[in-house]
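Hello,

Here is the structure for you to look over.

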Amino acid sequence: MPPRGVQGARDPRGQGFPAVTARPVSPQSFQGSHGRAYLFNSVVNVGCGPAEQRLLLTGLHSVADIFCESCKTTLGWKYEQAFETSQKYKEGKYIIEMSHMVKDNGWD
């Protein structure tokens, strides 16, 4: 299990690898492709695929899938560009889906 205060991705063998080293940007949860997700300023041990435009619930965005460097599981995505003015705060930030997270410090 990751050290206290660090979240990680679950690999297929059920082991955690640190991917996020801070609390989410906001306590508000977001909708990922497969359920609840959180927005983070930075991630570690994560690779990034090519950017593509996707129409998400909050409008058109340019996003790149992010994946665990160890097991290659897709964890969520990085917001490269938001086309709606109200969504610009997401640019450069990361969505990680809860189904891929190991929580060690009690945040919900």
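What follows covers salt bridges first, then aromatic pairing.

This is a predicted model: local features need pLDDT of at least 70, side-chain atom pairs count only at pLDDT 80 or more, and totals for chains, interfaces and linings use all residues. Residues are numbered from 1 along each chain as its sequence is written, and side-chain values use heavy atoms, with hydrogens and water left out.

Salt bridges. The rule is a side-chain nitrogen of Lys or Arg within 4 Å of a carboxyl oxygen of Asp or Glu. The count is 4. Look at R54. One partner is E52, with the closest N and O atoms 2.7 Å apart. Another is D65, also in a salt bridge with R54, at 2.7 Å from N to O. That pair links distant parts of the chain: R54 sits in strand β5 (residues 46-56) and D65 in strand β6 (residues 59-68), 11 residues apart. Strands here are DSSP runs (E, at least two residues), numbered from the N terminus. Together, E52, R54 and D65 form a network of salt bridges.

Accessibility uses a 1.4 Å probe and protein chains only: buried is under 20% relative accessible area, exposed over 50%, partly exposed in between. R54 is buried at 18%. E52 is partly exposed at 40%, and D65 is partly exposed at 30%.

K72 and E69 form a further salt bridge, 3.5 Å between the closest N and O atoms. E69 is partly exposed at 40%.

Aromatics. A search of the whole structure gives 1 pair (ring centres within 6.5 Å, using the six-membered ring of Trp; planes under 30 degrees apart are stacked, over 60 edge-to-face, the rest tilted). W77 and Y79 make that pair, edge-to-face, at 6.2 Å centre to centre and 80 degrees between the planes. Both W77 and Y79 are buried.

Best wishes

Conventions. Helix = DSSP H or I, 4+ residues; strand = E, 2+ residues; numbered from the N terminus.
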